[in-house]
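Visitor: I have a few quick things to ask about this chain. Can we go through them in turn?

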Amino acid sequence: MAIVGVVLLNHFQERSNADKMRTAMAAIYQDRLLVEGYIYDISLNLLEMRAALQEEKPDQTNSFLAKKIERINRLTGLFQETQLTTAEEKHLRHLVETVEKISGSLSGNISDLAMEANITLAMEDLQKLSSIQLEEGEQILSRTEKIFHSGERFAQLEMVALILILILVQTLVISARVFSSKSNIPYNLN
């Protein structure tokens with residue numbers, strides 16, 4: 001009964017660990033790797049915007065910048081759909097506000113220097129968001145290592161129980177031989 005109990009306990013623990021691992025892998029992909037891709041794409045768009053501002057071609061620049069802002073808005077929308085930490089939410093909100101300022105400056109007569117300052121602010125937010133991705137990824141990795149180690153402990157417990165049961169069975173077999181030794185009385189004397 002002890003072995004059956006340990007095996008069942010191990011089975012349910014392994015099932016629970018598998019579910020936790022599946023959740024952790026989904027979080028790493030959806031909430032960390034995809035988001036890092038969004039951050040990279042937003043950074044590229046901001047750098048292209050900065051380069052366009054430095055070229056000083058106002059006719060082409062506004063339409064180009066508008067397309068880049070539209071792409072950034074789409075990426076930040078996808079970013080907002082992921083599972084966000086409190087710090088991510090704060091920096092993402094600030095990034096969205098900064099992009100709105102950049103967008104508003106396209107229609108107004110704000111200097112290129114002010115727009116570049118806003119692009120720099122947005123890049124700083126992206127850097128902070130990227131470092132948060134690394135921290136959160138490390139935390140997920142730490143949790144998955146704990147899951148692996150708990151599974152190893154249950155497997156070791158199962159092996160100890162099996163060894164104890166084997167020793168018990170061997171003891172019973174040996175003791176059964178001792179009690180069933182032949183007596184010297186002939187069987188036909190009864």
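**A loop, a core and some salt bridges**

Visitor: Where is the place of Gln83?
Guide: Gln83 sits in the loop between H2 and H3. Helices are DSSP runs of H or I with at least four residues, strands are E runs with at least two, and both are numbered from the N terminus. This is a predicted model, where local features need pLDDT of at least 70, side-chain atom pairs count only at pLDDT 80 or more, and totals for chains, interfaces and linings use all residues. Residues are numbered from 1 along each chain as its sequence is written, and side-chain values use heavy atoms, with hydrogens and water left out.

Visitor: Gln83, buried or exposed?
Guide: Gln83 counts as exposed, at 56% relative accessibility. The cut-offs: buried is under 20% relative accessible area, exposed is over 50%, partly exposed is in between (1.4 Å probe, protein chains only).

Visitor: What is Gln83 in contact with?
Guide: Leaving aside neighbours within four places in sequence, Gln83 is in contact with Asp31, Arg32 and Glu88. Contact means heavy atoms within 4.5 Å. Gln30 is 53 residues from Gln83 in sequence, and their C-alpha atoms are 8.3 Å apart.

Visitor: Back up a bit. How many helices and strands are in the chain?
Guide: The chain has 4 helices and 0 strands. From the N terminus on, the order is α-α-α-α.

Visitor: And how much of the chain is buried?
Guide: Buried residues are 31% of the 190 residues. The accessible surface of the chain is about 13,000 Å², and 60% of it belongs to carbon and sulfur atoms. Those areas come from the Shrake-Rupley method with a 1.4 Å probe; for residues, only the protein chains shown count as cover.

Visitor: What share of the contacts links residues 24 or more positions apart?
Guide: Among contacts in the chain with a separation of 6 or more, 79% are between residues 24 or more positions apart.

Visitor: Which residues in the largest nonpolar core touch the most other members?
Guide: Leu46, Met49, Phe79 and Leu95, out of 24 residues in that core. Helix H1 (2–55), helix H2 (58–80), helix H3 (86–107) and H4 each give two or more residues to this core. H1 gives the most, with 8 residues. A nonpolar core here is a set of buried Ala, Val, Leu, Ile, Met, Phe, Trp, Tyr and Cys residues joined through side-chain atoms within 4.5 Å.

Visitor: What does Leu46 touch?
Guide: Setting aside neighbours within four places in sequence, Leu46 is in contact with Ile72, Ile102, Ile119, Ala122, Met123 and Leu126.

Visitor: Now charges. How many salt bridges does the structure hold?
Guide: There are 3 salt bridges. The test is a side-chain nitrogen of Lys or Arg within 4 Å of a carboxyl oxygen of Asp or Glu.

Visitor: How far apart are the closest N and O atoms of Asp41 and Arg71?
Guide: They are 3.7 Å apart, in a salt bridge. Asp41 is in helix H1 and Arg71 in helix H2, so the pair ties together parts 30 residues apart in sequence.

Visitor: And for Lys68 and Glu48?
Guide: The closest N and O atoms of that salt bridge are 2.3 Å apart. Lys68 lies in helix H2 and Glu48 in helix H1, so this pair ties together parts 20 residues apart in sequence. Lys68 is buried, at 16% relative accessible area. Glu48 is partly exposed, at 34%.

Visitor: What about Arg93 and Glu89?
Guide: Their side chains meet in a salt bridge at 3.8 Å, N to O. Arg93 and Glu89 are 4 residues apart in helix H3, separated by about one helical turn.

Visitor: Switching to Gln133. Buried or exposed?
Guide: Gln133 counts as buried, at 4% relative accessibility. Gln133 is in helix H4 (residues 112–179).

Visitor: What polar contact does the side chain of Gln133 make?
Guide: It meets the side chain of Glu88 at 2.3 Å. A polar contact is a pair of N or O atoms within 3.5 Å; within protein, one must be able to donate a hydrogen and the other to accept it, and residues adjacent in sequence count only if both atoms are side-chain atoms.

Visitor: Last one. Which residues form the nonpolar patch on the surface?
Guide: Ile165, Leu168, Val169, Leu172 and Val173, with about 400 Å² of accessible area together. Patch residues have over 30% relative accessible area and no salt bridge; like charges are joined within 9 Å, and nonpolar side chains (Val, Leu, Ile, Met, Phe, Trp, Tyr) within 5 Å. Leu172 is in helix H4 and is exposed, at 52%.
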